[in-house]
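Subject: Structure handover

Hello,

Here is the structure I promised to pass on. Please open it alongside this email. My notes follow below.

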Amino acid sequence: MKKIISFVFVMLFCYTYAQQTGQLRKVATVGFMNVENLFDTIPSADYIDGTLDVHNPAFHRSVPIDSLKYLETTEDYRGEWSNEALIGKKVIRHQILADDFTANSSKNWNSKNYNHKLGNLAKVISELGAKYTNTAPVIVGLIEVENRQVIEDLIKQPALAKYDYGIIHYNSFDARGIDVALIYQKRRFTPTNSLKKEIKIYNEEKRSYTRGVLTVTGFLDNEKVAFFMNHWPSRSGGEARSLPKRNAAAVVLKQQMDSVRLADPTTKLFAMGDFNDDPISSSLKNYLKTALTPKDLSPETPYLNLMYPLFKKGVASLAYQDAPNLFDQIIVSGNVIADKVGQDYSVYKTEIYAPAYLINREGNWKGYPLRSWNGDKYTGGYSDHFPAFVVLQREVK
């Protein structure tokens, strides 16, 4: 009997009433958050086992540095780090930040602070879209996670544990050792395929390593969807100088989105993440070919940037070098846009989530996101980015 009551209670949270018509609608939130260097307290390195299938997550995994002596290696590898180049090899790759997030480092990163940060992040994530859906988001992208373990620790937090989230994560070749990932409510989203597409950027024949595009396809409440998680190269060295790197990332993302759309034009596409560019930047407009308004959608510009209306109003998701920016964006295929609610999911609301407790209220950083790090000091805050989300709705059949 308790199980039946619990099931009914959970299902009620999947629906909402439209205030104007009193019509019952099914709703779902898709969102993401830059979790600002979510590292555990154990120094680790990447172990790459190229004798496995490169699509197997065990091909490239994060392991404690103390465990490396027990792992078989074939050579002291000094070539390019890529899936193709590492076939047949068993090698180790050390991360730049491996020793920074430990109790013995200048950050004094201990279990108490780590668990506090996990609780903070879980609280924010659980609230994304809840104003409209009365429940936690179905799909959540994560940016700046160290490894799968920190994601497992995150979804076990009380604010998230009851939603039974699954994890999709691949280690990247990013030099800092940070990745993107996706968590999803298992009862509402069924993944059918996932992959990490590397973004290969070269500067005078030397490769610059960054996060790949995580592509996940599946069914959201029985509707075919695809999600593309991004964390594009930063503006380090200046916006203009670093722009070619983000242009390269845009090309890879467009190839992934076009490939899924070509295979099945009915699939609803959601690209999201920290693009390190604004909606009007060249990488998004000219390389990803995004439309800024629904009337701009066309066969040549099939993807709509949902954040442009917010950008025009001056909404920001972070402040970079004292200038507000809207780097955190959600881009969708045209078939997610509708003039009225129908039997398939369409966009209802798009927001940057910035409640008062996520905003710094004092000092030099007043008005900025209340970040969790100020240099080597853990502030007890949340992130240097505000999260973003889109609420989808459809008629109840």
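Buried means under 20% relative accessible area, exposed means over 50%, and partly exposed is in between (1.4 Å probe, protein chains only). Strands (E, at least two residues) and helices (H or I, at least four) are DSSP runs, numbered from the N terminus.

Before going on, note that this is a predicted model: local features need pLDDT of at least 70, side-chain atom pairs count only at pLDDT 80 or more, and totals for chains, interfaces and linings use all residues. Residues are numbered from 1 along each chain as its sequence is written, and side-chain values use heavy atoms, with hydrogens and water left out.

Back to E3. Six of its six residues are buried. E3 belongs to an open sheet of three strands, in the order E4-E3-E5, with antiparallel pairing. Strands E4 (60-64) and E5 (90-94) are the edges, each pairing on one side only. On average, neighbouring strands of this sheet are turned by 30° against each other, direction ignored. Two strands count as paired if DSSP finds at least two bridges between them. Strands of a sheet pair through backbone hydrogen bonds, either parallel or antiparallel.

The bridges are as follows:

- E3 (residues 44-49) and E5 run antiparallel and are joined by five bridges.
- Ala45 has His94 in E5 as its bridge partner.
- Asp49 stands opposite Lys90 in E5.
- E3 also pairs with E4 over five bridges, in the antiparallel sense.
- Tyr47 stands opposite Arg61 in E4.

Leu52 sits in the loop between E3 and E4. Is Leu52 buried, exposed or partly exposed? Leu52 counts as partly exposed because its relative accessibility is 32%. Leaving aside neighbours within four places in sequence, Leu52 is in contact with Ala58 and Phe59. Contact means heavy atoms within 4.5 Å. Leu52 and Ile87 are 35 residues apart along the chain, yet their C-alpha atoms are separated by 8.0 Å.

**Helices H2 and H4**

The axes of H2 (residues 111-127) and H4 (residues 148-155) come within 9 Å and cross at roughly 65°. Axes are lines fitted to C-alpha atoms, for helices over the stretch in contact, and angles run from 0 to 180 degrees between N-to-C directions. The crossing of H2 and H4 is right-handed; that is, the near helix is turned clockwise from the far one by less than a right angle.

Which residues meet there? H2 brings Tyr114, Leu118, Leu121, Ala122 and Ile125, and H4 brings Val150, Asp153 and Leu154. By class, the contact has seven nonpolar, no polar and one charged residues. Here Ala, Val, Leu, Ile, Met, Phe, Trp, Tyr, Cys and Pro count as nonpolar, Asp, Glu, Lys and Arg as charged, and the others, Gly among them, as polar.

The buried residues of H4 are Val150, Ile151, Asp153, Leu154 and Ile155. These pack against several elements, including H2, strand E6 (139-145) and helix H5 (158-161). Asn147 caps the N-terminal end of H4, with a side-chain oxygen 3.1 Å from the backbone nitrogen of Gln149.

Gln157 lies in the loop between H4 and H5. At 15% relative accessibility, Gln157 counts as buried. Gln157 touches Asn115, Leu118, Gly119 and Ala122, not counting residues up to four places away in sequence. The side chain of Gln157 reaches the backbone oxygen of Asp153 at 3.4 Å. That is a polar contact: a pair of N or O atoms within 3.5 Å, where within protein one must be able to donate a hydrogen and the other to accept it, and residues adjacent in sequence count only if both atoms are side-chain atoms.

**The seven-stranded sheet**

This open sheet has the order E9-E12-E13-E14-E19-E16-E15, with mixed pairing. Its edge strands are E9 (189-197) and E15, each pairing on one side only. E15 and E16 pair in the parallel sense over two bridges. Thr290 has Tyr303 in E16 as its bridge partner.

Glu300 is in the loop between E15 (290-291) and E16 (303-305). Glu300 counts as exposed, at 58% relative accessibility. From Glu300 to Thr290 is 10 residues in sequence and 9.0 Å in space, C-alpha to C-alpha.

Best wishes
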